[in-house]
Amino acid sequence: MPPVIPRSRTEVVEKLRRLLPRLERGAAGTRVLPFGLPALDAHLPQGGLMAGALHEIAPQAPGDTPAAFGFLAALLTRTPPSRPVLLVGGIADHGRPYGHGLNRLGLDPARLILVETAKDKQALWAMEEALRSRVPAAVAGTIQKLDLKTSQRLHLAAADADLPLLLLRPAKADEASAAATRWRVGSAEAARDRFGLIAGWRWKVSLERCRNGRPGEWLVEFDHGAHRFSLAAPLADPALSRARDVVRRAG
């Protein structure tokens with residue numbers, strides 16, 4: 001067997017030059033998925049989530065997992081409706097996605113391809129294969145443990161396919177990751193109409209990490225009818241928020 005010849009420094013540098021742009025995916029022309037909410041989109045590179053990238057979403061506490069999943073599902077509605085979306089795994093300890101609930105978020109259950117796996121290793125394989133196929137509009141999944149090397153592999157697979165990969169992580173997830181963004185989502189009291197009925201979900205959303213962007217925190221509302229994001233009224237109208245503070249102090 002011939003001896004293994006070590007790569008020259010020039011070869012190593014050239015490989016890094018080819019690899020880094022795929023990891024960054026920040027160059028002009030990269031597809032993005034905007035929230036349609038200027039206050040939030042302004043914190044993201046090019047005004048939205050990079051399509052060919054890995055994004056992590058985690059609940060603030062274990063009990064906020066359904067809220068984090070709802071936020072993830074709402075993001076999937078921003079993808080082209082003519083193509084399916086693939087979801088690997090359910091919501092840990094919270095059952096399977098509910099069709100009527102997905103409809104309220106604007107995600108047609110007929111678009112959803114649900115893949116159930118027993119272990120993270122199987123889920124990772126299913127997601128990578130789906131990305132390689134380039135058939136879905138987006139790939140999403142639930143992963144409990146994720147090391148840096150695996151996250152880099154997933155990010156590169158998403159970049160090669162030019163598709164968004166959304167991972168729902170556990171509340172305690174804080175490992176180093178190649179994800180372009182990391183979101184923390186908590187539940188909030190729902191918006192109600194004049195009859196006291198629920199008019200839209202609200203989430204406490206924190207952007208903990210954003211490559212080439214800025215972290216931030218928002219109280220986000222999702223309109224069930226229009227299927228769009230907005231800021232909750234006190235944040236959307238600073239004057240209203242200040243007026244309420246004055247009333248509280250006066251009382």
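## Ground rules

The model is predicted, so local features need pLDDT of at least 70 and side-chain atom pairs count only at pLDDT 80 or more, while totals for chains, interfaces and linings use all residues. Residues are numbered from 1 along each chain as its sequence is written, and side-chain values use heavy atoms, with hydrogens and water left out.

## Strands side by side

Let's begin with strand β4 (residues 85-88). Helices (H or I, at least four residues) and strands (E, at least two) are DSSP runs, numbered from the N terminus. In a regular strand, side chains alternate between the two faces of the sheet. In β4, Val85 and Leu87 point one way, Leu86 and Val88 point the other way, and all are buried. Buried means under 20% relative accessible area, exposed means over 50%, and partly exposed is in between (1.4 Å probe, protein chains only).

Who sits beside β4? Two strands count as paired if DSSP finds at least two bridges between them. Strand β5 (residues 112-115) pairs with β4 in the parallel sense over 4 bridges, and Leu112 in β5 is the bridge partner of Val85. β4 also runs parallel to β6, joined by 4 bridges, with Val139 in β6 as the partner of Leu86.

## Strand β7 and its neighbours

Strand β7 (residues 165-168) is covered on both faces: Leu165 and Leu167 on one side and Leu166 and Leu168 on the other are all buried. Strand β3 (residues 54-59) pairs with β7 in the parallel sense over 4 bridges, and Leu54 stands opposite Leu165. Strand β6 (residues 138-142) runs parallel to β7 too, again with 4 bridges, and here Gly141 stands opposite Leu167.

How do you get from β6 to β7? Along the way comes helix α6 (residues 148-161), and together β6, α6 and β7 make a right-handed β-α-β unit. Right-handed means that, with the strands pointing away from the viewer, the path from the first strand over the helix to the second runs clockwise.

## Rings that meet

The structure holds 9 aromatic pairs. Rings of Phe, Tyr and Trp (its six-membered ring) pair if their centres lie within 6.5 Å; planes under 30 degrees apart count as stacked, over 60 as edge-to-face and the rest as tilted. Take Phe71 and Trp183: their rings are 5.8 Å centre to centre with 50 degrees between the planes, a tilted pair. This pair links distant parts of the chain, with Phe71 in helix α3 (residues 65-76) and Trp183 in strand β8 (residues 181-192), 112 residues apart. Both Phe71 and Trp183 are buried.

Why is the pair of Phe71 and Phe229 edge-to-face? Because the ring centres are 6.1 Å apart and the planes are at 65 degrees. Phe229 sits in strand β11 (residues 228-231) and Phe71 in α3, so this pair ties together parts that are 158 residues apart in sequence. Phe71 has a relative accessible area of 0%, and Phe229 counts as buried at 4%. Zoom out, and Phe35, Phe71, Trp183, Trp203, Phe222 and Phe229 form one aromatic cluster.

## A pocket and a cavity

On a 1 Å grid over the protein atoms alone, a cavity is a set of points where a 1.4 Å probe fits but cannot get out, and a pocket is an open set with protein on both sides within 12 Å along at least five of seven lines; lining residues have an atom within 4 Å of a point. Grid points are joined across faces, edges and corners, and a volume is the space filled by probe spheres set on the points.

The largest pocket has a volume of about 300 Å³. Of its 16 lining residues, the closest to the centre are Pro66, Ala67, Gly70, Leu105 and Trp201. Helix α3 gives the largest share of the lining, 4 residues. A search of the whole structure finds 1 cavity of 30 Å³ or more, and the largest cavity holds about 50 Å³ of space. Among the residues lining that cavity are Phe35, Ala138 and Leu166.

## Two loop residues to look at

Most residues other than glycine have a negative phi. Gln46, though, has a positive phi of about 60 degrees. Gln46 lies in the loop between α2 (38-41) and β2 (49-50) and is partly exposed, at 39% relative accessible area.

Asn212 has a positive phi as well, near 65 degrees. Its loop runs between β9 (198-210) and β10 (216-223). Is Asn212 buried or exposed? Asn212 is exposed, with a relative accessible area of 55%.
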